[in-house]
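Please keep the sequence and the three-dimensional view at hand while reading.

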Amino acid sequence: MTTLHTLIIGAGLSGLACGIALAKTGRRVTIVSAGPSTLQLNGGAMELLGCVDGQEVTSPIEAIARLPLDHPYQKIGVEHIATLALEAQQLLGDAGVTLTGDPHHNHWRITPLGVLKPAWLSLRGMATATRPDRLPWQHATLLNLKGFVDFPIHFVAHNLSQLGCEVTVHDIEVESLGLPRRSASEMRAVNLARTIGAGSKLRHLAEAINRVCDGDEAVLLPAIVGMEDDYPVNLLRRWVTAPLHHLATMPPSVPGTRMAALLRHYFKMLGGKFLTAESVGHVKLADHHIAAVYTAKSPGIPITAQHYVLASGSLLSQGLVATCDAIVEPLMGLDVDAPACREQWSHYGLMGDQPFMRCGVLTDTALRPLKAGTAIDNLHAIGSILSGHNPLTMGDGQGVDLLTALSVAHQLTTKCSLPPGRE
Amino acid sequence: MRIVSSNATYDVIVIGGGVTGAGVARDCALRGLRVLLLERHDYNHGASGRNHGLMHSGGRYAVTDPDSARECILENEVLRRIACHCIEPTDGLFVTLPDDDLSYQATFVDACRQAGISAEVIDPQQALQLEPLLNPDLRGAVRVPDASIDPFALTLANVLDARLHGAETLTEQEVTDLIVAGGRVQGVCTLDHRTGQSHEFHAAVTINAAGIWGAQLVRHAGINIQMFPAKGTILVYGQRVGQMVLNRCRRPSNADILVPDGTVSLMGTTSDRIGIDEVDDMRVTEAEVNLLMREGEQLVPQLAQTRLLRAFAGVRPLIASDDDPSGRSISRGIVCLDHATRDGVEGLITITGGKLITYRKMAELATDLACRKLGVDAACTTATLPLPGSEQRNVITGGFKPSGKSNASKRHGDRRRAIPADDALDRMSICECENVTIGEVRYAIEQLQAHDLANLMRRTRLGMGLCQGRSCACRTANLLAHLTGNPDSALRDLARLIDERWRGTKPVAWGSALRDAQLAAAIYQGLCGLDKAISRKEVEP
């Protein structure tokens, strides 16, 4: 039996991208996947760098040079960002996640409240703008399914009309869907997408749209089709006579769920393996070297690999855990960059620059996490478990996830373990 | 500032929309007086909305403050008759833990009996059968008729009944001055926070039920009342760990009561004097949280493994007795001041002190005094007349139902029939933690003077459940934008609600509470750009 090349802990965007990049080169890779990731929150867009020092960024590549030295982009090398970004877009495209965008020029995504925010890549079919202050339409028809409450249509209509676009709102009913339901949780976007599918109900949806929007300049519909792939999205675009664009909804989001599904599928196609519904229970460390990993369900069976990648996420995904006295990395007790005192973890005003958002594991320049100041030699950390940035204020979440994943994949596939460009 | 003079004249103006003010307005209306209730923010914005939700048996005060104890047990029995839809008759235990002096139990039981409070000593094993999660090392337990009470439902029922009997009640109407002429208070000047307009209202009698804010109020008439702002902090655990109210059997002290409230548990309280300038911006400290956790785990060790939802603080409107500026001889009993005899200012009454559960008696005393001043001879009927929602006595007798269809019944009693439910959309639940339907939101807006999300939360418990509003806040704000036709204000409202919820979470922000906060931030700040939407609005008003 050949040994595992890499064991990845965590199946979010970062873990999946790293797994795919490695599996593409023929390496044997296993991903430990505890459950749904924060991709569920993703409205169909990727951010590379949206904001520096409180100012929105038009060119991420230019602005990256202004980032502080402890930012993950600085560790993987500012000069590599553009190349890695193109590579990431290519890799996602290979998996069927078709995205448009340019790391040199942000475009603007439309949030579930109808606010424009800078973005690097957007899923094909999503409504976007090329300028922060203007929409590409004079007039848009905004639709919602009656009883779907996770799309705040009145805010979207209001905020889009503030940008000079004339907005008409319609509630549509599709009899075969039998809406609305008693409980809002039966009416989440993902449930709707499952129910609508790609058959007759999708056809009925198209007909309902055509009844109110024939000949309109742009039709905006919440993203409620296409759970597994974008086949239903394309079908609906063909059936609807007016130009159709999708808008992100409140989570769980259909585009995000679809991206996760496509990436998982592609990883398996490349020969990658998942340990699903599993979490790591214990990591055996010896002299700053991982000897074996044990899952929570099979504590007696060691899993060994040449390399290990920690992609277990931030507090939200429990890659970090806050006890009442400290923020810790629960698997190995890695060094965490966090304020010592509990009252300093957060500020009043939830949507400010919260210190807890910046917490993460400390690494060396090769993204190897430190424990008591010394790097673990066969472990790398990628994605949102890394310290040194706040994805909510900086708009760099998916960029850090993808680019650190690819940077580490490169290190693990070149003989030398130094990061690319530092040999 | 434009002053819009109001020609309407009332018999009584009541200042303050807490439970006391609401009770006074109801009592006045029932006695046929023309009454106007003015609340500067929303009903229960102050101490009435920031407490344990505990219907004392009086046991807690039996040893140290027998007059208060007697007031409590009498009103306890009254409220069971008139406000049954607000009450969950849990009973309570006074538990002696290894650190407590067991000999205090006999003193306690004796004092309870003297005050007319039933107090049954039960053995520790029996107590553990009733409450399996109690500290197994307990040495004694006494059963008393404590209960859990919903202060929001209680105040609203009083407001509703006052309105049904002709009272006018206004929220967001802050009293900015008293109109004093010829040694007599003749009315009030107000600022309407919603319109920015000023108003004058006139009345023969003005009743100050403004709680801790009452001292500043009467200063407009040159009157000095020495208030003693006592901050009390409470922790909310996201699980109901006990079925009964659990008290420590010792002299009243910090952190010795755990109250079940629906599906959660409230642990409290602390008591610290704070400056009057702090009462509008109270922050829970790490030390208070640590103390409450430590003591709570003594009472119910399971609390160490129970997730904390939030922490909040309220200010007791205690009054230092006259000529005692140090506040040493503080009464927790009812204080009803006739400023004519006390200060030579006619037409002004202050009603303060007391407890949540003695609000009705407080209202009765203030209304009696107002009636005497007005020369009206009308008897008080509030001790026997059920509140709206409790007219049909069988609402609560089915016992505790933690969730499901009973939620609206718990909140509105038999008034739930007024909630729209004909349309499928109206029956749809938008807050799944507390099972609030779109129809109930509409009912609160149309019938219960709800204008924003915080108002809705106080009337329906929307956003108060496990998710702390993460899922339902945006849905409801969108609905509010639709119903009010003002998306701008609904959006600001959404941001305010998220910050207000976070204000409660921050003191206990670790573990799953911090995780949930990160999720809320990821959704509203990251995914939605709510912060950007708001800041843009502030730049371009």
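In this predicted model, the side chains of B:Arg31 and B:Asp368 meet in a salt bridge, with 2.7 Å from N to O; a salt bridge here is a side-chain nitrogen of Lys or Arg within 4 Å of a carboxyl oxygen of Asp or Glu. B:Arg31 lies in the loop between helix 1 (19-30) and strand 2 (35-38) of chain B, while B:Asp368 belongs to helix 9 (residues 359-374) of chain B, so the pair ties together parts that are 337 residues apart in sequence. Helices (H or I, at least four residues) and strands (E, at least two) are DSSP runs, numbered from the N terminus. By the salt-bridge rule, the count over all chains comes to 46.

Residues are numbered from 1 along each chain as its sequence is written, and chains are lettered from A and ligands numbered from 1 in the order in which they are written. Because the model is predicted, local features need pLDDT of at least 70 and side-chain atom pairs count only at pLDDT 80 or more, whereas totals for chains, interfaces and linings use all residues, and side-chain values use heavy atoms, with hydrogens and water left out.

**Domains of the two chains**

The domain assignment, whose bounds come from an automatic or database source, gives chain B domain 1 (3-47 + 152-225 + 320-374), domain 2 (88-145 + 228-316) and domain 3 (406-539). Chain A is divided into domain 1 (4-100 + 258-413) and domain 2 (127-247).

In chain B, the C-alpha centres of domain 1 and domain 3 lie 30 Å apart, and 15 residues of domain 1 are in contact with 12 residues of domain 3, contact meaning heavy atoms within 4.5 Å. Across this interface of chain B the rule finds two salt bridges; B:Asp42 forms a salt bridge with B:Arg459, the closest N and O atoms being 2.7 Å apart. There are also seven residue pairs in polar contact between domain 1 and domain 3 of chain B, both residues at pLDDT 80 or more. A polar contact is a pair of N or O atoms within 3.5 Å; within protein, one must be able to donate a hydrogen and the other to accept it, and residues adjacent in sequence count only if both atoms are side-chain atoms. On the side of domain 1 of chain B that touches domain 3 of chain B, helix 5 (151-164) and strand 9 (168-170) of chain B each supply at least two residues, and the largest share, seven residues, comes from helix 5 of chain B.

In chain A, 33 Å separate the C-alpha centres of domain 1 and domain 2, and the contact takes five residues from domain 1 of chain A and seven residues from domain 2 of chain A. A:Arg258, A:Ala261 and A:Leu262 supply 80% of the area that domain 1 of chain A buries against domain 2 of chain A, more than any other three residues.

**Where the chains meet**

The contact takes 58 residues from chain B and 57 residues from chain A. B:Gln518, B:Gln525 and B:Leu527 supply 14% of the area that chain B buries against chain A, more than any other three residues. Two salt bridges are found across the interface of chain B and chain A, and A:Asp150 forms a salt bridge with B:Arg475, the closest N and O atoms being 2.7 Å apart. Between chain B and chain A, 23 residue pairs are in polar contact, both at pLDDT 80 or more.

| Parts | Buried area | Share on carbon and sulfur atoms |
|---|---|---|
| Chain B and chain A | about 5,100 Å² | 63% |
| Domain 1 and domain 3 of chain B | about 1,100 Å² | 51% |
| Domain 1 and domain 2 of chain A | about 420 Å² | 46% |

**Strands of chain A**

Strand 16 (residues 280-285) and strand 17 (residues 290-295) of chain A pair in the antiparallel sense over five bridges, where two strands pair if DSSP finds at least two bridges between them. A:His282 stands opposite A:Tyr294 in strand 17 of chain A.

Key:
Buried area = accessible area lost by both parts, 1.4 Å probe.
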